[in-house]
Amino acid sequence: MKFLTLLSVASSIATSYADWQYRTRPDLSPIELNITIPATDDKVSPGFLFAAPFSGYDQDNTHGPRQPGAYIFTDKGELVWSGFSYFANWQANFQASRINGENVLFAFEGTHNPGYGHGHGHITILNNRYETIKELRAGNHRISDKHEFHVKDEKTGLIQIYHPVPKDLSAYGASADQQWIVDAKFQELDLRTRKVLFEWSSLDHVSPHDSVLPINPWQAGSGYNSSDAWDYFHINSVDKDENGDYLISARNAAAIYKINGTDGSIIWKLGGLPGKTSSNFKVKGKPLTFSFQHHARFLSTSDDGSKQVFSFYDNSAHGTEDHRGHEVHYSDQSSGKIVEVNTETNEATLLAQYDPPRGHNLLSKSQGSTQVLSNGNVLVNWGSEGAVTEYTADGTPVFHAYFGTGELGKHVENYRAFKFDWHGYPAEAIALHSDISPEGDTIAYVSWNGDTETSYWKFYSVDKVSERQLLGKVPRQGFETKFEIEGETHSKLVVEAYNDQHRFLASSDVVVSEEQVEEKRVDNKAKFQHYFAWLANRA
């Protein structure tokens, strides 16, 4: 007699140590979402969650995620795609987009300097089969930084550059041997030709006197060499409106600027700290202050161009990503904000603010993002706090999760998080694994990393002459689906994938069943040690 059981393996294994999640993919140990406000389909926006969590520990004192990197999840916490090994080195700003009519994924990959909050590398772009189709770098002999890559109108990309230069800094309180400052730049690139269409320099337009962080060893660099250059401005986001003008967030100036897209001049500045920052606007209505903000994005422009609405993430705190260095903060919590500026009345109005859910004290001293979603909901990513929240437009939290559980959830950080509608058609093969239990049952597991289209699986046994016998049709359940056949032993299996229109998608290779190996649970936390401590104990 056949007995079929369906199980989402990712949900069934409640281990904080990341192993034993998937029998088909023992090489994958993805981060798990610790969901504290579960999503409900009638309240959350459709789409998948995109993130690239990493460890906030010092390099010599780990852990954090077992496999940091780019991931796609459902808002139920199920893995859709692990980008581990698809991108190399450190990754951030993982997103879906469209370039020249093609659906793509992209992420920054390169080095990461947590002490100074920057990284050098390039943008890697994948197609919807998860194949690398392009690597993109800044032009004009510049080195791309991690903070920004933003596609505009499918044809151009906005990229940010951390560019240290020598300069006499004595006017800003520096000593004679403090000679290095960061000239924060951004470029707009043609994505087909890689040609630089526009380049902007902070030192050409903004005085270092406008920084809210003085030159010193504890906050924004001390200027003694190019690696320690004073990061007085710190661009962390760039956007462009329909008129061709740019919106930039300058973290260390605690200000958001609109830049003329023709000559680079400053059209207006919204300062976030009255008494510390200048501003072209007075605040109307509810109090509006912000500092060390991230991820400013245009949302709308009035017909006459006098009013513009934009969103951003208000850190209200500053510090290094590796938990060293001095911290500065102007609020007890961070928040997502939506603001309108009116250039006729010179007024700025706080339209909406998204504070941490009740009981969650979230003040992120680095990183963060705010995304307004297609249904009006708002997704706030809490940066160095390693959490993400979705709100309805009125500020009601309808989903909240931390990146990581148990020991592997400590000190997890995530630069930005997004939700996107995404359809993935993996070039890699379906993964199938089959166990034979001590009782002679056949237990099969199937997964297909990155697949979003499979609705159900058909399992077949394969005899000695390669004839197939259908064993069962099984609805897909999460990343990995389990199919158990009680009382029957099958030495060879194969599986086929079908979509919700009953169209055949792909077939796995034939696999040979193996003797079952069962997990031996160890609950003693002392057993969990990172690799280097384990080696030290062996010695």
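Visitor: Where is Leu-362 placed?
Guide: Helices (H or I, at least four residues) and strands (E, at least two) are DSSP runs, numbered from the N terminus. Leu-362 sits in the loop between β25 (347-354) and β26 (369-372). This is a predicted model, where local features need pLDDT of at least 70, side-chain atom pairs count only at pLDDT 80 or more, and totals for chains, interfaces and linings use all residues. Residues are numbered from 1 along each chain as its sequence is written, and side-chain values use heavy atoms, with hydrogens and water left out.

Visitor: Is Leu-362 buried or exposed?
Guide: Buried means under 20% relative accessible area, exposed over 50%, partly exposed in between (1.4 Å probe, protein chains only). Leu-362 counts as buried because its relative accessibility is 2%.

Visitor: Which residues does Leu-362 touch?
Guide: Contact means heavy atoms within 4.5 Å. Not counting residues up to four places away in sequence, Leu-362 touches Gln-333, Ser-334, Pro-356, Trp-382, Glu-385, His-400 and Tyr-402. Take Trp-382: 20 residues separate it from Leu-362 along the chain, and their C-alpha atoms are 7.1 Å apart.

Visitor: What about backbone angles?
Guide: Most residues other than glycine have a negative phi. His-295 has a positive phi, near 55 degrees. His-502 has a positive phi too, near 65 degrees.

Visitor: Where do His-295 and His-502 lie?
Guide: His-295 is in strand β20 (residues 294-301). His-502 is in the loop between β37 (492-498) and β38 (504-507). His-295 is buried, because its relative accessibility is 2%. His-502 is exposed, because its value is 53%.

Visitor: Next, the core. Which residues have the most contacts inside the largest nonpolar core?
Guide: In soluble globular proteins, nonpolar side chains tend to be buried together. A nonpolar core is a set of buried Ala, Val, Leu, Ile, Met, Phe, Trp, Tyr and Cys residues joined through side-chain atoms within 4.5 Å. The largest one has 30 residues, and those with the most contacts inside it are Phe-186, Trp-200, Phe-233, Ile-235, Ile-248 and Tyr-257. Two or more residues each come from β12 (156-166), β13 (180-190), β14 (196-201), β15 (235-240), β16 (246-250) and β17 (255-259). A second, separate core of 21 residues includes Leu-28, Leu-49, Ala-401 and Ala-417.

Visitor: What does Trp-200 contact?
Guide: Leaving aside neighbours within four places in sequence, its partners include Phe-186, Phe-233, Ile-235 and Ile-248. Lys-185 and His-205 are also among them.

Visitor: How many cavities of 30 Å³ or more does the search find, and what is the volume of the largest pocket?
Guide: On a 1 Å grid over the protein atoms alone, a cavity is a set of points where a 1.4 Å probe fits but cannot get out, and a pocket is an open set with protein on both sides within 12 Å along at least five of seven lines; lining residues have an atom within 4 Å of a point. Grid points are joined across faces, edges and corners, and a volume is the space filled by probe spheres set on the points. The search of the whole structure finds two such cavities. The largest pocket has about 480 Å³. Of its 25 lining residues, Gln-95, His-150, Gln-371, Phe-418 and Phe-420 are the closest to its centre.

Visitor: Which strand gives the largest share of the pocket lining?
Guide: β20 does, with four residues.
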